[in-house]
Structure formats: structure tokens, C-alpha cells
Amino acid sequence: MSYNPLEGPRKIGTVGVAVPETQIEIRDVATGRRTLPVGEEGEVCVKGPQIMSGHYGMPKETAAALRDGWLYTGDIGRLDDEGYLSICDRKKDMVIVSGYNVYPREIEEALHRHAGVREAAVIGVPDSYRGEVLAAYVIADEGVTVTELTDYLSRNLVKYKWPASLEIVRELPRTGAGKLDKKTLRKQRIAREQEHRDVAAG
């Protein structure tokens, strides 16, 4: 889909430019019909001879992924003015907070820039007022406090991207391949909140 050309700049944080005979566009997340301008984040859509013909035996998934010859990758990204692509997050991880699209990876990267943070995971959880809110989980060095981290984020992110809750934990759930398991983390959080509601209801 993309590559770093032999001649030309190599830009840190990007995955290069489109390979020959391939087009890359950034489309709006809501409808997938509007092509976004340079620098705006949206779904990465690709068109070219190497694009798959479909998901085997999965017509609904194929119809969602392939539209008018374009592959909707499910990745969130942006293009710069030279056509270099940056991948920001996965569409399935996007959280809608009070109508704003928020990508957990941005908050995780902000947390990782704090010298005392070793690992961070941010998820979206249901909220009766805002639709969804962000919940952050951090493995941190000894002595780092929740107050310190929340103050740090408030200085580095706009308000609607602040996590509604932040916890310092000893470990985070992982898949069999050793990757962070956000699906399990979300299930654990929702189950815990339901348990609290049940206790409060008596």
C-alpha cells in the first residue's frame, strides 16, 4: 500500500507514500463518502491492483470493506502535503465523547511521554450523559501518582480528550500473542461498574 521511496525524505512517524498505481485517500469516518483535506484524520481508503477481491465466505464484511473499488481499511490516518501517510489508530478503537471523535492512541502516546510511565492503555466505556468516556490504565514507576498524571494530561491535551478516570495498575491483560487486550480490559471495566450498580441498588 505504501513505501518509503529510495529518493526523497523519510519522515519519522509516517509509513511513506502510495506505491505505484495505487491511490490513498482519507475519508470521513461517519459516511465514508467525503474525502478529507491534507492533515485531517479519517479512515484510510486504498484503491489499486493489489487490493483484495473480498473476504472469503463473508459477503456482509466484503460489502462494508469494499465500496466502488475502494478498500476501507479500518485504519485512521492522515496525509501530509507530500502524500506521506501517518497511521493514527484503528477505527474500531475510536471513542465518541460528547460528539467528538477521540482516538485512544493519542492519549496513550501523551502518557508515554511522561518519564514515569512504563505502559498505558486507554479505552472507551459507556456513559449515560456523554455517550462514552475515556478510561486510562497505567503501569508506572514507584512514586508516580494519579494526580500527577492527570495534571500532566490536562497540560498536554484539550479538555474533551481528558480521561474520565485514570488508574495505576500492576499489570494489564494480554492476548496469547502478548499484545494488550483492550477487549478484555473493557469487559472487566463494564462488569465492575455493573457490580457497583448492583451493590448500590441493594
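**View A. Glu-108 is buried, with a relative accessible area of 11%, and meets Lys-182 in a salt bridge.** Buried denotes under 20% relative accessible area, exposed over 50%, and partly exposed the range in between (1.4 Å probe, protein chains only). The model is predicted: local features require pLDDT of at least 70 and side-chain atom pairs count only at pLDDT 80 or more, whereas totals for chains, interfaces and linings use all residues. Residues are numbered from 1 along each chain as its sequence is written, and side-chain values use heavy atoms, with hydrogens and water left out. The closest N and O atoms of Lys-182 and Glu-108 are 2.6 Å apart; a salt bridge is a side-chain nitrogen of Lys or Arg within 4 Å of a carboxyl oxygen of Asp or Glu. Lys-182 belongs to helix α4 and Glu-108 to helix α2, so the pair ties together parts that are 74 residues apart in sequence. Lys-182 also counts as buried, at 16% relative accessibility.

**View B. The protein as a whole contains 4 helices and 12 strands.** Helices (H or I, at least four residues) and strands (E, at least two) are DSSP runs, numbered from the N terminus. Along the principal axes, the C-alpha atoms fill a box of roughly 60 × 40 × 35 Å. Of the 202 residues, 39% are buried. Among contacts with a separation of 6 or more, 53% link residues 24 or more positions apart; a contact means heavy atoms within 4.5 Å. The accessible surface comes to about 12,300 Å², and 51% of this area belongs to carbon and sulfur atoms. These areas come from the Shrake-Rupley method with a 1.4 Å probe; for residues, only the protein chains shown count as cover.

**View C. Strand β6 (residues 70-79) is mostly covered, with 9 of its 10 residues buried.** Two strands pair if DSSP finds at least two bridges between them. Strand β4 (residues 42-47) pairs with β6 in the antiparallel sense over 4 bridges, and Val-46 has Leu-71 of β6 as its bridge partner. Strand β5 (residues 66-67) is likewise antiparallel to β6, over 2 bridges, with Arg-67 partnered by Trp-70. Strand β7 (residues 85-90) runs antiparallel to β6 and is joined to β6 by 5 bridges; Leu-79 is partnered by Leu-85 of β7. The hairpin of β6 and β7 has 5 residues between the strands, and Gly-83 takes a positive phi near 85°.

**View D. A salt bridge links Lys-91 to Glu-43.** The closest N and O atoms of this pair are 3.1 Å apart. Lys-91 lies in the loop between β7 and β8 (95-97) and Glu-43 in strand β4, so the pair ties together parts that are 48 residues apart in sequence. Lys-91 is partly exposed at 28% relative accessibility, whereas Glu-43 is buried at 4%. In the whole structure, a search finds 14 salt bridges.

**View E. Helix α3 (residues 146-156) carries the buried residues Leu-149, Tyr-152 and Leu-153.** Seen down the helix axis, the buried residues fall within an arc of 95°, so they line one face of α3; the arc is that of the directions from the helix axis to the C-beta atoms. They pack against α2 (104-112), β10 (117-127), β11 (131-140) and β12 (165-168). On the other side of α3, Thr-147 and Arg-155 are exposed.

**View F. Arg-189 is located in helix α4 (residues 182-201) and is buried, at a relative accessible area of 10%.** Leaving aside residues up to four places away in sequence, Arg-189 touches Ile-123, Val-125, Ala-135, Tyr-137, Ser-165 and Glu-167. The side chain of Arg-189 forms a salt bridge with that of Glu-193 (2.8 Å, N to O). Because these two residues are 4 residues apart in α4, they are separated by about one helical turn. Glu-193 is partly exposed, with a relative accessible area of 22%.

**View G. Tyr-100, Val-158 and Tyr-160 make a nonpolar surface patch of about 270 Å².** Patches are made of residues with over 30% relative accessible area and no salt bridge, with like charges joined within 9 Å and nonpolar side chains (Val, Leu, Ile, Met, Phe, Trp, Tyr) within 5 Å. Tyr-100 is placed in strand β9 (residues 100-102) and is partly exposed, at a relative accessible area of 43%.
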